[in-house]
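This report looks at one helix and at the pairing of aromatic rings. Please view the structure first.

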Amino acid sequence: MIVSHLNLVSNDTVATPYQWEYPYLLSVVPLLFSSLSLPKNNISYLVISMISSGLFSIAPLIYGSMEMFPGAAQLYRHGMAYRFIFGHSAVTVMYLVMIIALQVHAWQIYYSKKLLDAWFDSTQEKKKK
C-alpha cells in the first residue's frame with residue numbers, strides 16, 4: 001500500500017489496494033495487547049485482544065470477501081480476470097490468502113479464550129485460599 005500511495009512504482013506494476021486492506025492494517029493491535037497480557041497474566045489485556053481481533057482482523061476479511069465477490073463472480077461466469085498475481089487471477093489468490101488469514105485469526109481467538117479460561121480459573125482458586 002505504501003508503494004502505491006507514494007508512487008514509487010507505476011500503477012501498471014503495483015495495483016491499487018482494496019478498501020478493506022486499510023482497516024486490516026490495524027490487525028497489529030490485537031498482537032500488541034496479547035503481548036502485553038502475557039508477562040503478568042493480565043486478563044483485561046487478553047479480553048481487549050480478543051475483541052479487537054474480531055473488529056480489526058476478522059471483520060475486514062469478511063468485508064473484503066464481499067468486496068471482491070463481483071470479481072469472483074465475473075471470473076466464474078465469464079472466465080475473465082483483470083488482475084493477476086504470479087500468473088493466476090488475483091481474486092483466486094486473494095481468496096486463498098484470506099481463508100488462511102481467517103483461520104489464523106480464528107485460532108488466535110480460540111486459544112486466547114482457552115488461555116483466558118485457564119487464567120480465570122487460577123485466579124478464582126487463589127481467591128478461595
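Helix 4 bends by about 30° at Ser53, the bend being the angle between axes fitted to the seven residues ending there and the seven starting there. The model is predicted, and local features need pLDDT of at least 70, side-chain atom pairs count only at pLDDT 80 or more, and totals for chains, interfaces and linings use all residues. Residues are numbered from 1 along each chain as its sequence is written, and side-chain values use heavy atoms, without hydrogens and water.

Helices here are DSSP runs (H or I, at least four residues), numbered from the N terminus. Helix 4 covers residues 43–67, and its 25 residues reach 35 Å from first C-alpha to last, close to the 36 Å expected (1.5 Å times one less than the number of residues).

Ser53 is among the buried residues of helix 4, as are Leu46, Met50, Ile58 and Leu61; buried means under 20% relative accessible area, exposed over 50%, and partly exposed in between, with a 1.4 Å probe and protein chains only. The buried residues of helix 4 pack against helix 2 (21–24), helix 3 (28–37) and helix 6 (90–128), with contact meaning heavy atoms within 4.5 Å.

Rings of Phe, Tyr and Trp (its six-membered ring) pair if their centres lie within 6.5 Å; planes under 30 degrees apart are stacked, over 60 edge-to-face, and the rest tilted. The count is 3 aromatic pairs, including these:

| Pair | Type | Centre to centre | Between planes |
|---|---|---|---|
| Trp20 and Tyr24 | edge-to-face | 6.1 Å | 65° |
| Phe33 and Tyr45 | tilted | 5.9 Å | 40° |

Phe33 lies in helix 3 and Tyr45 in helix 4, so their pair ties together parts that are 12 residues apart in sequence. Tyr45 is partly exposed because its relative accessibility is 30%.

Notes. Helix = DSSP H or I, 4+ residues; strand = E, 2+ residues; numbered from the N terminus.
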